[in-house]
Amino acid sequence: KESKRAVNSILVDDDDDEEEEDGVERVSWSGEPVGSISWSVKETASSIRSGSEQSFPKIDTTPSLSKQGSGYSLSSLFKGDLYDLSPEETVRRMQKGRAFSLEKFRSLQDKLLLLDEAVAVYDGNLITAVLIYLKKSLSKEILFRELMARDVALRHYVHYLKEMGEQKLLVELMKALGRTEDMALMQYKEHLNIKDEGQRRDFLKSCLGLPFSQDDATHVQDHYTLLERQIIIEADAEIFKKFPRKASILNMPIITTLYYSCFYHYGESEGTYSSPENIRKTFRISEKQYILTALGARAKLKSWFDVDSLFNTKNWLGYTKKRSPIGFHRVVDILQKNSAPVNVLQEYVNLIDSPELKLSVALKYKCHDIVINTYRDLKDRQELVVYREKLERDSPEYRKIQELLNNVQIRWKN
Amino acid sequence: MAHTEWKDAPGLPDFSLLKRLARDQLIFLLEQLPGKKDLFIDADLMSPLDRIANVTILKQHEVDKLYKVELKPIVNLVNADKVAGRFRRYKIIFTPQKFYACETVLEEQGVYGDVTTDEWNFYILPLDDDILSLELPEFFRDNFLEGDQRWVTTAGSALRLLQSVYGSFSKVYGIGRCAKMVYESWRELMEDGEQRTRQPEFAKVFLVDRDVDFVTPLCSQVVYEGLVDDLFRIKCGSVEFGPDVTSSDKSIKVMLNSQDKVFSEIRNEHFSNVFGFLSQKAKNLQTAYDKRRGMDIQQMKAFVADELKGLKQEHRLLSLHIGASESMMKKKTKQDFQELLKTEHSLLEGFEIRECITYIEEHINRQVSMIDSLRLLCLLSITENGLLSKDYRSLKAQYLQSYGIEHLLTFANLRQLGLLEEQQAGETLTVMESKVGKLVNDKTVGKLTDAFSSLAKKSNFRALSKRLALVPKSGEEYDLRVPRDMAYVFSGAYIPLSCKLIEQVLERDGWTGMEEVTRMLNGQEFAVTEARSKTDAQRIVLVMFLGGCTFSEISALRFLGKERGCRFIVVTTAITNSSRLLEALLDNSA
């Protein structure tokens, strides 16, 4: 802060046009340096919007990657006479960027030589080029079989299929390779392309039988269940128009859904999908996670009573006791972030086990009573004196310290 | 305290040559299509293009309007025109090179005959005096996750370009599968070309794969430039500072390189030193301004003519960096940075791992940050050689609950790369080593899953760390104001593995004596002497990072350079940090 003040206070008398002279970069209203390419692009765009230029065809932004293979051949790249080249020589030509023809390699042996040569020179671009040709000129069974023995080529082929969006072929390939889990994941991934939540839910349901690993199978099941319930909750909220919601919970993570539920549906019976208890049970949420989320939601709503109940447990004698799976200092942090009143804060600060931590938190959040009591218990007179100076002259805390200091019965250590 | 130039530092080669070459090539291509033309630029290409050829130059070559292309619907554009009966000429310029797969798409979409294609071999963008970038962030995922070697020749071509402009390399060292391929590719390219006999400007080259050291890019950065990148995202050597930094309602884009005198003095500094330095500078500035008071007219005129402009410039830069520092401090205290660093240091050291796991678990439960939670999980996995099965499953489940179940796809990617995995039962060091040895040798049919998982690195961080003394002994005081080794870039807690390897290899002029280390890194190391060279060229070393390099590593190398009396030029496929690295591996959106 000091430095900032120092810099800002530097007085400059000569306030003439500093723009061009001192090499300051002129910046346009959008923050882009004038004359840069991004500035020029924006200028073009805005002038079009203002209709001053001829209108340009709207650019369709859907990806244009092909899905179906058509009768493709690389010979169209080829310009000139047919050279009588071996696979090795052809690969050399490809490396140099010169025209070439793969079409003349019709025997399986030649094709594989071509592929192996491309792999030998490490060039992914060439490997893919040869694979494109092989894809069109070999049956997929033969190609898969040959790729199984060539892992570098195989990786390139998988990547090519992914980039081209050839989902069906990919799945078949994975199956042929026996990579069932990868196959399941690839199919599952398709759900990301489905925008409509109902369709997405149905798609997820169809994924349930896929050969995921045991853990992933559970996760996918949860994903389906979650979306199914989110759709129902949204629909109910819409019908009853009870709650003003800022954003949809569709496709939100489980914890976010739980938070929403603790916010709007707290205390509902376990029978409804929207109740926190139901969500907790269905998705096997840990106690720690649950309390953290519920705390956040109820604190935001300033429901201190609800917060209190979260931590009440009965011990074996039947007495109510406060317990927390997350440290009480964390609880205090969250309460403080939600502007909890000091008396509420103090209650939880008091529950912090470690005395050092308790003191540091109390100091941080100005819980005067706790600080005072702690110093009193530690019999630390000096600290009390120091702390007193931070307080308002006539406040009850100030007077409390005065009383303590005047108490002759206390045997101070300093 | 500030690392200024030392007296007999070897001069750096002039890399603006590379910019001019690229620009001339582009102009040549543009002139192939005479007459007025509109230029459509791929979004990722806009910043690099701006550094090479700005709007004025483009306009000089009859470029009329400029448009940005977000996805790649060129084909749709051409087809739409055809349907509308509009006739235009199209040229598609691929950079840095054209892929056959692209031509296939053009052909399949029926537009192959309607366009001409060209390559603009724009391989290297100088980001600063000692940083060269290939601006290929996709390199990392394509090469290391997908196993696609499409960029190998690109990297080889970049090396060839450097060699043809700046002279032959005499010694090449490297480690990593990709490094080896790039080297071979480069050798192949050199064989065809002419031999230049000019004196080399740098003699030694070091190639290193990103996956040799995953730990370093996963750590939070604490040197100034690294922090700016982590928090504000430096793009192509420039950064956008928002209103909270500029103290106005405007954002501003700033170039961050050695031209910025203030920045160049603080960029490599540990952030604890930055404030002190900036306040001192502010005081000096005030003193310089105050000089005016005692001046007469003559002196005043001289002052205004000579000094004032420089002072104003410095004033502007100073406020900017002070603003940035304050903004960084605010963000960091909010996120409880100290606790985060403590956890990272514990992981690096191998100390109180259970507490670290608890911290990470809470980080996930509180939904603090999707990327950061993932980063911590990966750091835990790499330093601990994988998570215990129960921890892996529990933390994964909690992560999916907090950030979305679709992330199970991300987890699959991380597992494949070896960034986040389960410890296999019975996985002692010897068992692993023999397994790894077997994978490297065994190429027989049927080892399908092995073929894919062999891409993943199985390295033992703790053993490496011990062997190379990467983690200084705790208990000893580390004075950040006077750093004694490269560990200062991580507050004295850890020396970047990649940089340590470079240091050791240069010292030994090869890999002798490091057999144990290379074994732990899965081998693939090499050292080749190409030719002899004059001694002075020995003092400049080119380090090429394949898969990305962080500002922390660049700062560490600058420090190392000073220690050894040499200069490092960093060539990287892209500047990276933990966010970029992990974002490249996310698979949670279409």
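Let's start with one cysteine. At 7% relative accessibility, B:C566 counts as buried. Buried means under 20% relative accessible area, exposed means over 50%, and partly exposed is in between, with a 1.4 Å probe and protein chains only.

Now the ground rules. Residues are numbered from 1 along each chain as its sequence is written, while chains are lettered from A and ligands numbered from 1 in the order in which they are written. This is a predicted model, where local features need pLDDT of at least 70, side-chain atom pairs count only at pLDDT 80 or more, and totals for chains, interfaces and linings use all residues; side-chain values use heavy atoms, with hydrogens and water left out.

Back to cysteines. How many disulfides does the structure hold over all chains? It holds 0. For us, a disulfide is a pair of cysteine sulfur atoms within 2.5 Å. In general, a disulfide is a covalent bond between the sulfur atoms of two cysteines. Take B:C378. Its closest cysteine sulfur is in B:C219, 12 Å away, and that is too far for a bond. B:C378 is buried, at 0% relative accessibility. Our opening residue, B:C566, is in no disulfide either; the nearest cysteine sulfur, in B:C499, is 12 Å away.

Next, chain B as a whole. It has 26 helices and 13 strands. Chain B has 590 residues, and 58% of them count as buried. Now its contacts, meaning heavy atoms within 4.5 Å. Take those between residues at least 6 apart in sequence: 78% join residues at least 24 apart.

On to rings. A search of the whole structure finds 27 aromatic pairs over all chains. Rings of Phe, Tyr and Trp (its six-membered ring) pair if their centres lie within 6.5 Å; planes under 30 degrees apart are stacked, over 60 edge-to-face, and the rest tilted. Which kind of pair do B:F169 and B:W186 make? Their centres are 5.3 Å apart and their planes are at 35°, so they are tilted. B:F169 is in the loop between α7 (152-166) and β7 (171-175) of chain B, and B:W186 is in helix α8 (residues 177-192) of chain B, so the pair ties together parts 17 residues apart in sequence. B:F169 is buried, at 2% relative accessibility. B:W186 is buried too, at 1%. Another tilted pair is B:F490 with B:Y494, with centres 5.6 Å apart and planes at 40°. B:F490 and B:Y494 are buried. Chain A has a cluster: ring pairs link A:Y259, A:Y260, A:F263 and A:Y264.

Charges can sit over rings. The rule: NZ of Lys or CZ of Arg within 6 Å of the ring centre and within 35 degrees of the ring normal. A:K104 lies over the face of A:F105, 4.3 Å from the ring centre. The charged end of B:R150 is over the ring of B:F99, at 5.1 Å from its centre.

Keep B:R150 in mind. It also meets B:D148 in a salt bridge, at 3.8 Å from N to O. A salt bridge is a side-chain nitrogen of Lys or Arg within 4 Å of a carboxyl oxygen of Asp or Glu. B:R150 and B:D148 are both buried.

Over all chains, the search finds 54 salt bridges. In one of them, A:E277 joins A:R280, with the closest N and O atoms 3.3 Å apart. They are 3 residues apart in helix α13 (residues 276-282) of chain A, about one helical turn. A:E277 is partly exposed at 26%, and A:R280 is partly exposed at 23%.

Another bridge joins B:R267 and B:E225, at 3.0 Å between the closest N and O atoms. B:R267 is in the loop between α12 (261-266) and α13 (271-290) of chain B, and B:E225 is in helix α10 (residues 224-232) of chain B, so the bridge ties together parts 42 residues apart in sequence. There is a network as well. Salt bridges that share partners join A:K288, A:R330, A:D333, B:E339, B:E361 and B:E362.

Where is it? A:D123 is in the loop between α4 (108-120) and α5 (124-137) of chain A. It is buried yet has no salt bridge. The nearest side chain of opposite charge is B:R150, 8.5 Å away. Here Lys and Arg count as positive, Asp and Glu as negative; His and the chain ends are not counted. Leaving out residues up to four places away in sequence, A:D123 touches A:A118, B:Q149 and B:T153.

How values were computed. Helices (H or I, at least four residues) and strands (E, at least two) are DSSP runs, numbered from the N terminus.
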